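Good morning, and thank you for making time for this presentation. I would ask you to keep the sequence and the structure in view while I speak.

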Amino acid sequence: MTAPHTWTIRHATAADLDALDAIESACFPAAEAASRETLYARLQSYPECFWLLTDGEVIAAFVNGFATDRADLTDDMYDDPSQHDPHGRWQMIFGVDTAPLYQHHGYASMVMRQVIEDSRARGRKGLVLTCKDRLVGFYAQFGFLDEGVSGSVHGGVVWRQMRLTF
Ligand SMILES: CC(C)(COP(=O)(O)OP(=O)(O)OC[C@H]1O[C@@H](n2cnc3c(N)ncnc32)[C@H](O)[C@@H]1OP(=O)(O)O)[C@@H](O)C(=O)NCCC(=O)NCCS
């Protein structure tokens, strides 16, 4: 019998690139997935704004996004890590990923709760994300409010913007 996983949540390093790239590609269609180059640039700019659920060997889930004083999530943010402001009022969420093998175990929820807790501790005003219709209920569980259809046309699909304000 294999031992149960003991999961912890940590921030990222550049050494996580391969694992995060593999999860991102497995979770999103190519038009929506952050490219390896984008993930690399984000890891260089804001590793402290990645939250990874890991047992020390595998990474099961991760959340990432930068901080900014801009209140709404816009498409130019995804590939432009230079906009990250460590003291920004809003924690943007660009990706919530659980590797397919590990989905339906509450792992994305564990990471999201940690992101919310850390964002509060960092003095942010709140968090902003965009999601597809079917996940509005998922994020509402954490206190995110639906602000309607986002201006984002990322990946050629319709996104809703949701905000959790502390
Ligand atoms: C969405 C995703 C991150 C969820 O990851 P996960 O680790 O399986 O999520 P959790 O187990 O923490 O939470 C899922 C639970 O939330 C609840 N839930 C899910 N959608 C819900 C909804 N619309 N309304 C209410 N509750 C919902 C259900 O209880 C669900 O349990 P189930 O998966 O057994 O049905 C994962 O499916 C994924 O990576 N998908 C591909 C990428 C993606 O779409 N990311 C989101 C971008 S906005």
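Predicted model: local features only at pLDDT ≥ 70, side-chain atom pairs only at ≥ 80, totals over all residues.

Residues are numbered from 1 along each chain as its sequence is written.

A word on terms. Helices (H or I, at least four residues) and strands (E, at least two) are DSSP runs, numbered from the N terminus. Two strands pair if DSSP finds at least two bridges between them.

Trp90 belongs to the pairing of strand S5 (residues 90-93) with strand S7 (residues 126-131), which run parallel and are joined by four bridges. Further along, Gln91 stands opposite Leu127 in S7, and Met92 has Val128 as its bridge partner in S7. Val128 in turn has a bridge partner in S9, namely Arg163. That contact is part of the antiparallel pairing of S7 with strand S9 (residues 160-165), which extends over six bridges.

Strand S4 (residues 67-68) and S5 run antiparallel, joined by two bridges.

Taken as a whole, this is an open sheet of five strands with mixed pairing, in the order S4-S5-S7-S9-S8. S4 and strand S8 (145-149) each have a single partner strand and stand at the edges, so one side of each is left without a neighbour in the sheet.

Are the residues on the two faces of S5 buried or exposed? In a regular strand the side chains alternate between the two faces of the sheet. For S5, Trp90 and Met92 lie on one side and Gln91 and Ile93 on the other, and all are buried, so that both faces are covered. Here a residue is buried if 20 or more other C-beta atoms lie within 10 Å of its own, exposed if 12 or fewer, and partly exposed in between, with C-beta atoms placed from the backbone.

By way of contrast, consider Ser82, in the loop between S4 and S5. Ser82 counts as exposed because it has 8 C-beta neighbours inside 10 Å. Its C-alpha atom is separated by 9.5 Å from that of Phe66, 16 residues apart along the chain.

I turn now to the other sheet. Four strands form an open, antiparallel sheet in the order S1-S2-S3-S6. Its edge strands are strand S1 (8-10) and strand S6 (95-98), each pairing on one side only. On average, neighbouring strands of this sheet are turned by 15 degrees against each other, direction ignored. Within the sheet, strand S2 (residues 50-54) and strand S3 (residues 59-64) run antiparallel and are joined by five bridges; here Leu52 stands opposite Phe62 in S3.

Helix H1 (residues 17-27) lies across S3 and S6, and runs at about 85 degrees to S3. For such angles, axes are lines fitted to C-alpha atoms, for helices over the stretch in contact, and angles run from 0 to 180 degrees between N-to-C directions; two residues are in contact if their C-beta atoms, placed from the backbone, lie within 7 Å. Ala19 is found in H1, and counts as partly exposed because it has 17 C-beta neighbours inside 10 Å.

Next, the ligand. Around it are 19 residues, of which Thr98, Gln103, Ala108, Ser109 and Gly137 come nearest; a residue is near a molecule if its C-beta atom, placed from the backbone, lies within 6 Å of it. S6, helix H3 (107-121) and helix H4 (136-140) each supply at least two residues of this shell.

His104 lies in the loop between S6 and H3. Its phi is near 70 degrees, a positive value in a residue other than glycine. His104 is exposed, because 8 other C-beta atoms lie within 10 Å.

The end C-alpha atoms of residues 7-165 lie 28 Å apart, and the span is 26% helix and 26% strand.
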